[in-house]
Every structure is written in C-alpha cells, then in structure tokens.
Amino acid sequence: TEDHLRHIESLATFPSGAGKISHLRATNLGECLSSEEHDLVFPTPEFSDKALVPSTEKYLEMYRRSVRDPAGFWGDIAAEFYWKEKWDCEKVCSENLDVRKGTVEIEWFKGGKTNICFNALDRIVDNGDGDKVALYWEGNVPGLDDKLTYKELLDKVCQLSNYLKDVGVKKGDAVVIYLPMLAELPISMLACARIGAVHSVVFAGFSAESLAQRIIDCKPNVVITCNAVLRGDKPILLKNIVDQAITQSADNGVSVDLCLTYENQSAMKKEATKWQADRDIWWQDVVPKYPNTCLVEWVDAEDPLFLLYTSGSTGKPKGVLHTTGGYMVYAATTFKYAFDYKPSDVYWCTADCGWITGHSYVSYGPLLNGASVVIFEGAPNYPDSGRCWDIVDKYNVTIFYTAPTLVRSLMREKNEYVTRYSRKSLRVLGSVGEPINPSAWRWFYNIVGDSRCPISDTWWQTETGGFMITPLPGSWPQKPGSATFPFFGVQPVIVDEKGNEIEGECSGYLCVKNSWPGAFRTLYGDHDRYETTYFKPFPGYYFSGDGCSRDGDGYYWLTGRVDDVINVSGHRIGTAEVESALVLHPQCVEAAVVGVEHEVKGQGIYAFVTLVDGVTYSEELRKSLILSVRNQIGAFAAPDKIHWAPGLPKTRSGKIMRRILRKIASRQLEELGDISTLADPAVVDQLIALSDC
Ligand code: WT7
C-alpha cells in the first residue's frame, strides 16, 4: 500500500497548471484537433473553483485515506445513507482475493441492514425533495415525453412492489426484466429491490434464444416486459420474443408463471398483441390498483441485489452478482465525484438499463444522489443526427455521459448538427465502454463541449459495479484518450505475463490488488468459474481482462481486451458465443471469430466459416449465417464480415491460430509471422485469395 501511494503521489509533481486554461483552447479548431496525443488539458479555473475535488492535492489527501483506512473512509460515506441497523464497525470490509489462501470472498458492511430503493427514493422524499423531478422520459418520437417527481416515482414503485408481493414474489426470488427504455424499466428494478427480490435485466436487443438461456439460468417465476417498442420507425415486438423464450425455457424444465406486460401504446395497440390468458397480464390492468405505499424489506448489506449476464471467453454468459450495501455506496459515490455532481444538475446517460451502465449510472447512482435523470427511449440519430443536442437543450442537461461509438458516428456527420444547438447548459461530459481515441476525444471536447467541459473517461466493468479509473473533473489535467487515475479506494496494478507487478512507465495486464465496495461477489451458481476467470490468472489479484499501459506521469491508458472478448460499440461479445451461433447453422461446420478495427463501432466482428462438404458459398448463405447469429444472440452481435474458409489455420494439435486470422482479417499480410508450425500452411494463401469473396 505504501509503495502504491508513493507511485500515486508522483502525481503531485505535475506541472501546476490547474487554473490555466487548456492550451487545446485554440481558436483554430482544426489545429487543436490534430495536436499531440499526450497534451495535457487543464480544467478551467471557473470549473475547478467550484468542484467537489478542486485540486490534485485534495484528491491525494482523500485517496491516501481511502487506501490506508478503508474502514474509516467508506464507513463515513456509508453513514450518509439510511441503515435500519448498522454494520459491525470493525468489519467494514473483509476480503480474500488470494486463491492460494482459500476461497475468494468479499464482504462489505456485513451485518448492516438497509434497502437501496429506500435510499434512492424514500430518503430523498423525506429530505424534502419529493417534488424534484427524478425522471424526465423522452420518447423515441420527438414531442412525446413525460416526467416523474421523486414522490411520483416512489408511488409507482410501491404499487408495483405491492403487486409483485401479491403474486408471490419474495425476498431472494429472481425476476427477469425485458424492457426498453421506458420509465417502467427503472421502476421495475426499484420495485424488486424494495421487496428484496433479485432483478435480472436482459437488454431488450437480445434474441429469444439469449433471453431463454438467462431465464433457464436464474429461474424467475415472473418476467416483466412490454408489448413492443419503436426503433426509429420500426416496431419491435418484444412480447413475441418473450413468448418464444418462455416456451423454450419450459422445454428445458424452467416454467415462468406470469408475464407482466406493459402496454407501450406509442408502439403498438394491445389488441394486436398475442396473448396467453393463463399467464399474461397487462400491467395497466393491475398495478395501478395497488396502494402507493409499501413497507420496505430490510436486507443484509450482503444480500443479492441483482444479476446481470455478461459475455466471457466461453459460450455460456456469466451471471455477475452484485449485493446491496457495497454496491449502493459505490455507485452513489463514484457518480458524485466522477461527474462532480451538484443538486442543480440535470444528468443524461445514453446507456440502456439492460447494461451495467444503465444500472449504476442511469438508475441507482444518480437516484441515490437525488439527481434529475433524463432517460431516452429512442435512437440518437432519429429523426436526425442532432437529436442528442436537441434533448440536451430541451432539458438543459448539464452532465452528458455516452460511449465513444456514438461520438465517432456523430463526428462523421456535419458539425452543424451539433452547433445549431446551444448546449450552453453542459458542464461535464463522460465516456464509457471502450478506449476513446484521441481524435474522438478532441471532437467531443471541442465541438460538443465548446472546449469548456472536462471529459470523464470512466474505465470500469460489469464486474466492478462502478468506476475504477476515472478523471475527477476539476482535480487534474486530462490527456485525451487516458482514463487518468484510480478512484478512491482502488489500487490498480499492471502485471507482466508472470504476474509480477511492474513499476513506473510500462504496459501489461491490468489487475486490482484490493477489493472495493462495488465489486461483484460471485458468478451466479458458479463460484469456481469466478475464481478461475478473475483470480487464478494472476494469484493475489483481481484480473480485469484488459491490457493497459502507464505513462511517465502515472496516467493509465487502457488498450483493450486481452481475452477472447470483442468490444463492439461498447458491448462485450464473446467470440465463442458468435462461433456457436454460426455452427448451429446446418451448412456451417466450423467457425472462428476475431475482432477487427471498425471506424465507428471500435471493433467489428469478422467470422471465418468452414462449410459442409459440397456446399458452395453464396450471398444467400452469407445472409442466412448472419441471421443465425441475430437469432441466437441479437442484432447487435451480427458479424460485419463473413469470410469463407475451406480450411482454417491450425497447429498440428488442431488448435486454431487466431493470431494469423486476425492478421488476415485486418489485411496485415506482411505481419503474418511464423506459419511453419501450421499443419497445412497452404490454407493461409487460400484464405488470402478468398478475402474478397
Ligand atoms: C469492458 C467492460 C463498464 C461499462 C460498459 C461496459 C471496456 C469500458 C472503458 C474505458 C477503455 C473501457 C474494457 C472493459 N471499457 N470502459 N473508459 N476505456 N475501455 O461494460 O460490458 O462489462 O465491458 O469494456 O475492455 O473490460 P462491460
């Protein structure tokens, strides 16, 4: 810990530029868009003066305490929340991250009794903010909108909680939620949390197959969905997808008794919805009849709050399990500091609640701070590429949090789509999901933020629950493309192949050497896989799966996944999942999937496929292979390129050499490296010849 502190303290030697205006604030935007990669961008003095953490020194003071005295640091923060019973003081945290010393186990605030819904709603109302807007809902079609105050949100959550209790949902039961970005999505999450049920939100872009897989794993009695949603002009019939998934689950011995269906009138009339009367029920027919108060189920800090499935390097998705107390404290605190949150802010995060970002930073983090949150049902380029800035102006959004893929897709359009809106309300920007390339960073900073708003490039994961490495705007100069420094209480390390920590300027594998309150506690039903995936690769540490380098100033630069996971538009997709979807196609015998650089999505999916003997590759077959992936996983996982491969490069022991496939896919043919160990080196030339097929 002391070594680690010394390293972080090298920060204090930064050029003391805080208070200076960023030298990227040139008048000629073209010039600053092309400036050096390692530029320092200082927060403006106006910003720093009012910031929660106004200087590097203040950060260091807080950071030092957070690692030397985690119990004191986190205990003080946790005390700002409501606890029905306090945790055992000495044991704010107990952890074993070292597989060599026994089972990996992490506990925070154990013995404390609380409820995250109470803290996010009742506590805010009790503090006199009941009339403050909690959610601004913006529909897909401009002009369609709604809002709910904290009191109104609490009423709706209580009604649903009462209904769920009435139909038999109890503490510890799983509830699957398959909803688009309607207010009913956070309402459903909060209602589950209120009664101690464990929600598992499945992103409404997943296919019936994927939804079934998740239902089979966590066995809910109740699924919450809606009839349909509009994506641009196109209705997507979500209820039909749920019907298929439930049928499939039943075939696998898991039955769902109740499908609570919200009627999303803007997308589709209820009469047009397929119905199974003994199982399906309209939300609007039952929920509003229930009382709008509901006693809270007090749960232990270590009782499960939610499950969220994410992709790993094998085919089966992992059920990441988060518990209540630590997650609550961590989501709230990271939100507050990384976005320099003030009660007057209006916050908008473009993520869907189907991903972790929507859990921690659409729902829980902001609501626990009493923030006003914009939620948006639609697509950011509908009806045109100016929609985001239209929404920013409409609600006077002050904090805007999005993904690099969106920034890159918008920067391809004319700047006029941005500049025709005022955006003067904006004060903090945020980025998440993948490394943000410096040119996208600069466009975001200069064009969207008018060279005035710091960008919080937040590195974290489904597993971490909240931010791990992130700028604290106002505290230190930023470097375009770097996530900067660790959040309070997080001790990141970079290790080499052998698991030795490397000091100073270096690159290697990103690990963390201690636990933090928001850390996931297990993979649902598979603690072995939890240990094997995250704690065994480098014993003594949590392994993130990411590569990372640290520069001479101590800034962290994430370099992408080092496992078989592809990051497409900020969505994690396992190559193995796509491969299994492809080989399910009757004409495909083998598939090998790699990631390739993609201008907008960050990475694209490139699939090599070997066909059944005698089958010829055709345009029709290409389409049906892609369809197979859409049906098995979801449209967002559709391969960008299918490459017909009569043979795949394999070692003599039969292992596919992905390194070679990656080079062929990215057309780096001069860097193929040694191919002499292949069982049949001739397949390489054959594959190259078929590249443009
Ligand atoms: C993976 C986690 C956590 C929210 C969204 C994705 C990549 C995420 C950054 C960032 C560089 C990033 C990593 C990580 N990633 N944020 N700011 N800079 N890389 O959650 O699906 O769990 O994916 O996303 O590779 O491991 P996720």
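How do the residues of the shell around the ligand divide into nonpolar, polar and charged? The legends below take this up, with a word on the model to start. This is a predicted model, in which local features need pLDDT of at least 70, side-chain atom pairs count only at pLDDT 80 or more, and totals for chains, interfaces and linings use all residues. Residues are numbered from 1 along each chain as its sequence is written.

**View 1. The shell around the ligand.** Seven nonpolar, ten polar and five charged residues make up this shell (Ala, Val, Leu, Ile, Met, Phe, Trp, Tyr, Cys and Pro count as nonpolar, Asp, Glu, Lys and Arg as charged, and the others, Gly among them, as polar). Of the 22 residues around the ligand, P435, Q461, T462, L558 and R572 come nearest; a residue is near if its C-beta atom, placed from the backbone, lies within 6 Å of the molecule. Two or more shell residues come from each of α13 (356-368), β25 (542-550) and β26 (556-561), and β25 gives the most, with three. Helices (H or I, at least four residues) and strands (E, at least two) are DSSP runs, numbered from the N terminus.

**View 2. An open sheet of five strands.** The antiparallel order is β22-β21-β23-β25-β26, where two strands pair if DSSP finds at least two bridges between them. β22 (501-502) and β26 stand at the edges with a single partner strand each, so one side of each has no neighbour in the sheet.

**View 3. Strands β21 and β23.** Residues 492-495 and 506-512 pair in the antiparallel sense over four bridges. Here V495 has Y509 of β23 as its bridge partner.
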